[in-house]
Amino acid sequence: MKEWEVRLDQLINSGVIGAYQYCKVDQIVLFNKDANVAWNYFTHVHFSSQYDTVAESVLLASPATLRNGWKLIVSQYSMRKETFADCVRSALSTGVWSYTDSKITEGDKIDEAFPTPVKFIAENDPTGSYYNNVIPLEKSLYGSNFLGSYYVFEIYARGERLKELLRDKDVKKIQDILHKCKLNYRLDELPDRIGNIVCKFDIETLRTTPKRLGEYGMTYSFELTPEIAHDMNLHLHIEQEHDRLLYEYVDESFCLHPGESIEKGVGPNQCKTTLTISDAESKLILFRAVADQAVYSSYYGQITPGVIVAHSVRQYRTVKVGDKEYTVPLNGVKMVGEPPLLVEMADAEERQQKWQDAFFKEQNYLRVYNAGQHDEALSNIRSIINRQLLWDLDEIRIVDPYLSPNDILNTVALCEKPGIRVCCLTDIHTISHNKDAKAEILTDDAQDTAFDEIRNSFQKELEDGLGQETDLRLSFRTVHGNNGSSFHDRYLILKYQLNKTRVWSLGTSVNSVGKSHHIVQIVESPMLIDDFFDEEWSQTGTDKCKIYDYSDYAAVQAQDAEEPQVGLHSAVDKG
């Protein structure tokens, strides 16, 4: 048996986490009757002892029409665990979920399926002590963020065909349909799960009750559920960790008898605390809780004392701005407790922040420039491009309203990866305004002439700089008229096949970097910038907006390669 089969069999048949016989399936399928093809959009399988019979498939809503002949079918059914195992084997060997009903007779395809490791979802501290802590699977599939204590097994879909088929508006429409079906799967928030089959296994052998959480420590009560009539040998593991140091460590085994209740816990501390209960023989986790009381001093969080109390006396400040007057309520707060208890960890966080800043500088994630550092700044931009030359670097993008061919040749054209795709976006109108060719004082014909002259000169400069046989797959465009909109910010974008997209804010145009005080820094939310680029790029595909496109030259090269070459040998052959 393969490893995933061993692990899945352990979850279903060992009886350690639950005495399962049946499972309930929510199945969401994209179906095209004309093409006689069905793709799995999302399937959820839930194992619990509450399901005690086989139930035939029923539609939760009438098939909904999407576009181009595609319909959405949302159904629900129950099956035996043996049938489920057959469906999983079929899905991973043939790429088809073999359960069929009257609507889908051939089963639904899974887009390049493969198994992922069995995972346990831990319970998160519901007091919210960990600033903005999110468990994506828990939040988006089950509408919570701390329930946890269950296993998941996923048949993962690589989803290349689905990505070609689906548009953002399709995902939104499907989400509206799921909401009407009273299904809580927020796949618009979790798009990486579109196409997957997610199997959830509830822990039903151990009952847990929280006794104390948060600043008072962490304590839970444990007892066997009524269905368990025999003793269970369990293992307790507790860790309190901060700054890579263990403040407290517990590792012990104990026997839990039916009807017996045992409390296990740990005292308060400004640490990340985990409490785990597992089956001593199978090593399967039955419960795991995570609470993080760590002090945060970076912009990711905040220093939070154990207890904060607001003053009861309300005070106000009056501010006049022109004819308006604002009354600002003043809400003083104070801490009840001993601040010195926070000092050690606050100092550690401050030191970690300094280390992070040093790392950012070393990686060119953050650079500060003053006057006279233009050459150094250009060198650093080239260093960013080549130092971040990860194995899967797929595309480099620059968006800069003043971007010129010289800027391109001085930066992205010097990328050391062969055949790299480069997309550059500028605004010729912004450049021409800067050269006293202001649109408001020119006729329409004069504006078009000035625009065409700059565009043609840019094209010529890139042709001369790159030559006819360059491997650089460069596309250079400008916004123009209703094709794209004017922009101000300047960004360098590195896109990868698997690694996370990285974006740098340049602080000023490439032609001005290092000439005056400004900051080049990595952007914490890169996809917002990348989405902006995609939108602008999609609107600038007209011939008027294209300045230079490698595909034009690639076609010429291919044509030249096909034409017969007349040289010394051919001349001799002709006699």
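**Questions on a predicted protein chain**

Tutor: D530 has a relative accessibility of 1% and therefore counts as buried. Buried means under 20% relative accessible area, exposed over 50%, and partly exposed in between, with a 1.4 Å probe and protein chains only. The model is predicted, so local features need pLDDT of at least 70 and side-chain atom pairs count only at pLDDT 80 or more, while totals for chains, interfaces and linings use all residues. Residues are numbered from 1 along each chain as its sequence is written, and side-chain values use heavy atoms, with hydrogens and water left out.

Student: With which residue does the side chain of D530 meet in a salt bridge?

Tutor: A salt bridge is a side-chain nitrogen of Lys or Arg within 4 Å of a carboxyl oxygen of Asp or Glu. In the pair asked about, the N to O distance is 2.6 Å. The partner of D530 is K495.

Student: In which helix and which strand do K495 and D530 lie?

Tutor: Helices (H or I, at least four residues) and strands (E, at least two) are DSSP runs, numbered from the N terminus. The pair links distant parts of the chain, 35 residues apart. D530 belongs to helix α11 (residues 526-538), and K495 belongs to strand β28 (residues 491-496).

Student: How many salt bridges does the count come to?

Tutor: The pair K495 and D530 meets in a salt bridge. By the rule already stated, the count comes to 25.

Student: About how many helical turns separate R89 and D86?

Tutor: The side chains of R89 and D86 meet in a salt bridge, 2.7 Å from N to O. R89 is partly exposed at 40%, and D86 is partly exposed at 43%. Because they are three residues apart in helix α2 (residues 81-94), their separation is about one helical turn.

Student: Is helix α1 roughly parallel or roughly antiparallel to α2?

Tutor: Axes are lines fitted to C-alpha atoms, for helices over the stretch in contact, and angles run from 0 to 180 degrees between N-to-C directions. The axes of α1 (residues 3-13) and α2 come within 12 Å and cross at roughly 160°. Angles under 35 degrees count as roughly parallel, over 145 as roughly antiparallel, 65 to 115 as roughly perpendicular and the rest as oblique. Therefore α1 is, relative to α2, roughly antiparallel.

Student: How many residues in the contact of α1 with α2 are nonpolar, polar and charged?

Tutor: Contact means heavy atoms within 4.5 Å, and here it is made by W4, E5, L8, I12 and N13 of α1 with K81, F84, V88, R89 and L92 of α2. Ala, Val, Leu, Ile, Met, Phe, Trp, Tyr, Cys and Pro count as nonpolar, Asp, Glu, Lys and Arg as charged, and the others, Gly among them, as polar. The residues divide into six nonpolar, one polar and three charged.

Student: What separates the C-alpha atoms of Q521 and L366?

Tutor: Q521 lies in strand β30 (residues 518-522) and is partly exposed at 37% relative accessibility. Not counting residues up to four places away in sequence, Q521 touches Y365, L366, V503, W504 and S505. Q521 and L366 are 155 residues apart along the chain, yet their C-alpha atoms are separated by 4.2 Å.

Student: In which strand is S505 found?

Tutor: S505 touches R490, Y491, I519, V520, Q521 and V523, residues up to four places away in sequence not being counted. The C-alpha atoms of S505 and I519 are separated by 8.1 Å. The strand that holds S505 (residues 502-505) is β29.

Student: What is the phi of N36?

Tutor: N36 is in the loop between β1 (22-32) and β2 (37-47) and is exposed, with a relative accessible area of 52%. Although N36 is not a glycine, its phi is positive, at about 50°.

Student: What percentage of the residues in the protein chain is buried?

Tutor: The secondary structure of the chain comes to 13 helices and 31 strands. Of its 575 residues, the buried ones make up 45%.
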